[in-house]
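Here's a quick briefing to read with the model open beside you. Have a look at the fold, then go through the points by topic.

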Amino acid sequence: MPVPFQLLMPSYNQAHFIREAVESVLKQEDPDWELWILDNSSDETPQVMEAFTDPRIHFIHEPRRMDPGTCLNLMLDKAKGRGRDFSYIHTDNRLLPCFVGDHRLALAQHPLSLAACDYWEMDEQGRRTKVRRRPEPFPLGRLFSVDSIGVPFAATLELAERLGGFSSDDLADDVLFVLRADAIGPRVHLHKPQMEYRVHGGSRFLSGGHLRVHRAIHKSVLKAYAERPAGVADPFAGGFERARAFTDRAARMAQTHLALGTDPEPGVWIEGTGPASFWLAWAFGDAGAPVAGFIGQEFESLLGVPVQPAAPEGARLVRPRLRGAAGLEQAVRWLLQGLPPLDHALKRLPGDVMAGLLVPFQLQEPGATRVKIRGEGPLAAYLAYAAEYLGALQVAGFAGPSPWPQLPSFSTEDVTTWDLDRPA
């Protein structure tokens, strides 16, 4: 006889979404489930939940604000002995009717398994926008990056007990759980979409901006990588070589972009602080025309260059994407050089390359807050960008010729040195 599948839902001030989430649970084709909701809301969530009388729903209102990891651990404790499997679900998402049944079958293969599914993205109004397909197999390097696996996933309660539950200290608590689980049991991929994931500015993760999200995931990656048991495959094996190949390619793309898009005059302001903006700024500096600043909200400065919400009056503003005829000509030139015709390589981090370059250096001296880099060319400049963007570190400069004009070359020994000539 099937035992109840345990659905765990931390809840905080999403009374406008939680009704849809609970109704999607009630529509499950597999009726053997229990829903646990631990609610810290100060809004009307308790009043909304009064309409649900199904005995499989356990609603607990605790006014004291707790982090999701603590809530999940309390619910795991209540679910102990009541089932074999569980899933961590959000109050603003909707499960498809197949969710419980398909995940139960997927997890039956191994007592320490974790199952991750494809899913629909939807907008704030609940309209589907696109399907998110997880790659198969999911690359280990990508797993240990900002492109990792988080909700939606399901796992066995035995796996959760083996891991000691969820972290109460990490914003990316779901990602850290998956990363830690990867060394213990198998991952199963459900190719059919199993839920609808709502993307909206009020979500816990996105409300603080993409930089906060990326740094939170990176913090969990760093922790999980350091804890990996001996004998487990290294997700960053060969990462240094991949990073060098990527930065060489990205530098050529940025130089071509600059040659087509604008004259390399010093003192321009670059729109944005993301990877494409960094590479364009690097191309200006490499051409002997250092930029004056970046336009953005999430930094005060980046690699010694000021960041402001708007450019000064009269300043020249350059955008990191070419459009129209110039963009088409750029695509053709990239193709002739054996480069990708689109600028995704510039816009994305990409997470596995950046993490594979950054994490081993960070583990050398985990307490460091200021670093200098010994190395030349685009790889050294990219490591500096990774250190400030993902690692939340301050790059004091370069030990040797500086590939980034706004940061100095210096020889002082009182700053942690990351040496690209001897990669970690």
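Leaving aside neighbours within four places in sequence, which residues is Trp 279 in contact with? They are Phe 246, Thr 247, Ala 250, Ala 251, Ala 254, Leu 346, Pro 378 and Tyr 382, where contact means heavy atoms within 4.5 Å. Keep in mind that this is a predicted model, so to speak of local features takes pLDDT of at least 70 and side-chain atom pairs count only at pLDDT 80 or more, while totals for chains, interfaces and linings use all residues. Residues are numbered from 1 along each chain as its sequence is written, and side-chain values use heavy atoms, with hydrogens and water left out.

**Nonpolar cores**

- Trp 279 and Trp 404 touch the most other members of the largest nonpolar core, which has 59 residues.
- A nonpolar core here is a set of buried Ala, Val, Leu, Ile, Met, Phe, Trp, Tyr and Cys residues joined through side-chain atoms within 4.5 Å; buried means under 20% relative accessible area, exposed over 50%, and partly exposed in between (1.4 Å probe, protein chains only).
- Among the elements that each supply at least two residues of this core are helix H9 (239-261), helix H10 (275-286) and strand S17 (370-374); helices (H or I, at least four residues) and strands (E, at least two) are DSSP runs, numbered from the N terminus.
- H14 gives the most to this core, with 10 residues.
- There's also a second, separate core of 42 residues, including Leu 112, Leu 143, Leu 159 and Phe 236.

**Helix packing**

- H8 (residues 210-227) and H13 (residues 351-364) pack at about 65 degrees, with axes 10 Å apart; the axes are lines fitted to C-alpha atoms over the stretch in contact, and angles run from 0 to 180 degrees between N-to-C directions.
- On the H8 side, His 218, Val 221, Leu 222, Tyr 225 and Ala 226 meet Leu 358, Val 359, Gln 362 and Leu 363 of H13.
- By class, that contact has seven nonpolar, two polar and no charged residues (Ala, Val, Leu, Ile, Met, Phe, Trp, Tyr, Cys and Pro count as nonpolar, Asp, Glu, Lys and Arg as charged, and the others, Gly among them, as polar).

**Salt bridges**

- The count comes to 19 salt bridges, taking one as a side-chain nitrogen of Lys or Arg within 4 Å of a carboxyl oxygen of Asp or Glu.
- Glu 20 and Arg 198 meet in one of them, at 3.1 Å from N to O. Glu 20 lies in H1 and Arg 198 in S11, so the pair ties together parts that are 178 residues apart in sequence.
- Arg 198 is buried at 2%, whereas Glu 20 is partly exposed at 28%.
- Glu 196 and Arg 128 pair at 2.7 Å, N to O, linking S11 to S8 across 68 residues.
- Glu 20, Arg 94, Arg 128, Glu 196 and Arg 198 are linked in a network of salt bridges.

- The Glu 136 to Pro 137 peptide bond is cis, with omega about -5 degrees, and Pro 137 lies in the loop between S8 and H5.
- Val 151 to Pro 152 is also a cis bond, omega near 10 degrees; Pro 152 lies in the loop between H5 and S9.
- Leu 303 isn't a glycine, yet its phi is positive, near 55 degrees; its relative accessible area is 0%, so it is buried.
- Ala 392 has a positive phi of about 55 degrees too, but Ala 392 is partly exposed at 48%.
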